[in-house]
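Thanks for coming. I have one chain to go through today, so please look at the screen.

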Amino acid sequence: MSSGRDEAVDTIQRELTAFARRARATAARLHPELSLISYTLLTHIVAQRGCRATDLAAHYLLDKSTVSRQMAALEKMGLVERRPDPADHRVQVLHPTSAGSRVLSATHAGRRAAYRERLADWSTDDLARFAAYLLRYNDGV
């Protein structure tokens, strides 16, 4: 009985790896300068209407130096800017620039179109189950 479970877990691991590779490749096609991690961090900054780099590191379980490098790249591209926190001027809060919001919107639309195309023949029920399984899996982290 264990071998069937092990086989399923091996398949899940292999397919999630393929999924991650595909996601990175899609991100590179949609915006060559915006890596998947940069896209993810920029999405979070926009959704939160600004946040600190330490919040990004904690939320995504990333090393602070990784977030720092990503933010430096996003700042250099003019997609993110740092502003003092109104409550504590010693703290810097990351905000998207208008260019960052435009790039994110265009990239998001491209990613959504790619997913819609890939999932076009899936039923609404299949999509709902897949979404629920992904949520369940990611909530377990």
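What pattern does the chain follow, read along the sequence? The pattern is α-α-α-α-β-β-α-α. That comes to 6 helices and 2 strands; both are DSSP runs numbered from the N terminus, with at least four residues of H or I for a helix and at least two of E for a strand.

A word on the source. This is a predicted model, where local features need pLDDT of at least 70 and side-chain atom pairs count only at pLDDT 80 or more, while totals for chains, interfaces and linings use all residues. Residues are numbered from 1 along each chain as its sequence is written, and side-chain values use heavy atoms, with hydrogens and water left out.

Now the overall dimensions. The C-alpha trace spans about 60 × 30 × 25 Å along its principal axes. Of the 141 residues, 26% count as buried, meaning under 20% relative accessible area with a 1.4 Å probe, protein chains only.

The axes of H2 (residues 36-48) and H4 (residues 64-76) come within 10 Å and cross at roughly 85°; axes here are lines fitted to C-alpha atoms over the stretch in contact, and angles run from 0 to 180 degrees between N-to-C directions. That makes H2 roughly perpendicular to H4, a label for angles of 65 to 115 degrees.

Which residues of H2 meet H4? They are Ile-37, Ser-38, Leu-41, Leu-42 and Ile-45. On the H4 side are Thr-66, Gln-70, Met-71 and Leu-74. Contact means heavy atoms within 4.5 Å.

Conventions
Buried means under 20% relative accessible area, exposed over 50%, partly exposed in between (1.4 Å probe, protein chains only). Angles under 35 degrees count as roughly parallel, over 145 as roughly antiparallel, 65 to 115 as roughly perpendicular and the rest as oblique.
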